[in-house]
Amino acid sequence: MYSLELDKIIYEIKERKAKQVLIQLPDGLKKEANKIIDSIEKNTEAKAFLWLTDCFGACDLPLGLDILKIDLMIQFGHNRYWKTKEW
Amino acid sequence: MTEIIFIDAKWEGEIKLEKKLEDYLNKNKIKSLALFASVQFSDVNNLIKEIKNKNIKVNITKAKRTSKPMQILGCDTYHDSFDLPVLDESDAILYVGDGYFHPKALLLAQIKNKKIKPVIMWNPISKVIQILDEKIIQEQIKRYKRNLKMFISADTIGILVTIKPGQNYFQTAKRLKEFLEKQDKKAYIFIDNNLDLRHLENYPFIKAWVNTACPRIGTDDIVNIKQPLINLKEASNPVKALEELEFRN
């Protein structure tokens with residue numbers, strides 16, 4: 001019902017030569033998580049992982065992914081967020 | 001460094017002017033609409049065309065933090081969150097999407113207005129119209145006014161800062177601490193990732209709190225805690241903020 005754009009994801013992973021990818025999903029799309037991971041594992045060499053909990057918006061990106069050597073994070077259900085300088 | 005990309009996850013159905021929605025607009029003699037949608041439902045060109053064909057003006061603006069005009073985020077909760085005053089200038093507000101989180105922001109953005117225009121919610125999946133009116137935010141407004149009063153008289157303030165990059169206002173929090181301490185209040189800054197308000201009870205010496213992260217913490221979550229908490233935007237002039245809400249019961 002919602003477009004997961006799996007072809008685009010596969011393209012981006014290959015284009016960026018990403019080795020480790022993290023998928024972050026809002027609650028409504030979490031039930032589709034296996035489809036996304038299965039597609040990445042089938043069509044690319046990358047290892048793919050899931051963020052377990054909250055994904056309130058594009059303002060809510062996990063920190064410290066460098067420690068795990070995550071090359072690419074793909075957040076679903078949101079688009080780019082423009083943080084204001086002041087509140 | 002980790003690269004980031006976003007996938008809109010657009011709804012794959014067609015969004016058009018269904019009879020139910022058309023009948024509602026006719027029945028209520030609506031001549032102009034402020035149109036908003038969440039990103040999944042933002043392909044609304046056909047809908048706009050069909051609404052315009054009914055001689056209804058469609059007003060569109062861009063909210064400050066969004067990427068696209070017409071898109072609404074949960075944090076667009078202030079009157080000045082939008083480039084254009086379409087909420088004031090339209091007969092009604094139409095939100096296309098599902099869930100209450102985003103359209104509720106459109107009510108919160110009007111709380112300083114004498115009249116809060118209801119939001120017509122059109123869910124293209126269930127094809128259901130719902131009217132979201134000020135009743136849904138009444139308890140929050142009441143609590144916010146109480147919190148402002150308690151903040152004004154509090155001598156010890158806790159300032160909450162998140163490390164989430166999109167919501168991090170650490171520098172502003174430090175400036176606020178200085179500002180408050182010039183007014184003979186003592187302020188402490190608390191830092192975390194997710195701001196779980198259950199932890200506030202561990203600091204009984206704090207008499208009132210200021211949230212510097214997502215504004216919805218200061219509007220939605222305050223009804224679930226007993227400690228007074230206000231948002232950063234009101235912390236520099238809580239008296240003015242209270243005066244602006246004084247007429248609202």
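Colleague: Which residue is the bridge partner of Ser32(B) in strand 3 of chain B?
Modeller: The partner is Lys57(B). Keep in mind that this is a predicted model.

Colleague: How many bridges join strand 2 of chain B to strand 3, and do they run parallel or antiparallel?
Modeller: There are 3 bridges, and the two strands run parallel. Strand 3 of chain B covers residues 57-59.

Colleague: What does the chain cross through from strand 2 to strand 3 of chain B?
Modeller: The chain goes through helix 2 of chain B, residues 45-53. That β-α-β crossover is right-handed.

Colleague: Which strands does helix 2 of chain B lie across?
Modeller: Helix 2 lies across strand 2, strand 3 and strand 4 of chain B. The helix runs at about 140° to strand 3 of chain B.

Colleague: What about strand 4 of chain B, how does it pair with strand 2?
Modeller: Strand 4 of chain B, residues 92-96, pairs with strand 2 in the parallel sense over 5 bridges. One opposite pair there is Leu35(B) and Leu94(B).

Colleague: And which residue of strand 5 of chain B stands opposite Val96(B)?
Modeller: Trp122(B) does. Strand 4 and strand 5 (residues 119-123) of chain B are parallel, and 4 bridges join them.

Colleague: What is the order of the strands in that sheet of chain B?
Modeller: The order is 3-2-4-5-6, an open sheet of 5 strands with mixed pairing. Strand 3 and strand 6 (128-132) of chain B are at the edges with a single partner strand each, so one side of each has no neighbour in the sheet. On average, neighbouring strands are turned by 30° against each other, direction ignored.

Colleague: New topic. Which residues have the most contacts inside the largest nonpolar core?
Modeller: Phe36(B), Leu106(B), Ile157(B) and Leu229(B) have the most, in a core of 55 residues. Domain 1 (19-132) and domain 2 (138-244) of chain B both contribute residues, so the core lies between them. In soluble globular proteins, nonpolar side chains tend to be buried together.

Colleague: What is Phe36(B) in contact with?
Modeller: Setting aside neighbours within four places in sequence, its contacts include Met70(B), Ile72(B), Phe82(B), Val86(B), Leu94(B) and Leu106(B). Another core, of 22 residues, lies apart from the largest one, and Trp11(B), Leu17(B), Leu25(B) and Val58(B) are among its members.

Colleague: Is Tyr188(B) buried, partly exposed or exposed?
Modeller: Tyr188(B) has 34% relative accessibility, so it counts as partly exposed. Tyr188(B) is in strand 8 of chain B, residues 186-192.

Colleague: What does Tyr188(B) touch?
Modeller: Not counting residues up to four places away in sequence, Tyr188(B) touches Thr156(B), Ile157(B), Gly158(B), Ile159(B), Phe205(B) and Ile206(B).

Colleague: And Thr172(B), buried or exposed?
Modeller: Thr172(B) counts as buried because its relative accessibility is 12%, and the cut-off for buried is under 20%. Thr172(B) sits in helix 6 of chain B, residues 170-182.

Colleague: Which residues does Thr172(B) touch?
Modeller: Leaving out residues up to four places away in sequence, Thr172(B) touches Glu86(A) and Leu232(B).

Colleague: How many bridges join strand 1 and strand 2 of chain A?
Modeller: 4 bridges join them, and Val21(A) has Ala48(A) as its bridge partner in strand 2 of chain A.

Technical notes:
Residues numbered from 1 in each chain as written. Chains lettered and ligands numbered in written order. Predicted model: local features only at pLDDT ≥ 70, side-chain atom pairs only at ≥ 80, totals over all residues. Heavy atoms only, no water. Pairing = 2+ DSSP bridges. Right-handed = clockwise from strand over helix to strand, strands pointing away. Core = buried A, V, L, I, M, F, W, Y, C linked by side-chain atoms within 4.5 Å. Buried < 20%, exposed > 50% of the residue type's maximum accessible area, 1.4 Å probe, protein only. Domains from an automatic or database assignment. Contact = heavy atoms within 4.5 Å. Axes fitted to C-alpha atoms, helices over the stretch in contact; angles between N-to-C directions.
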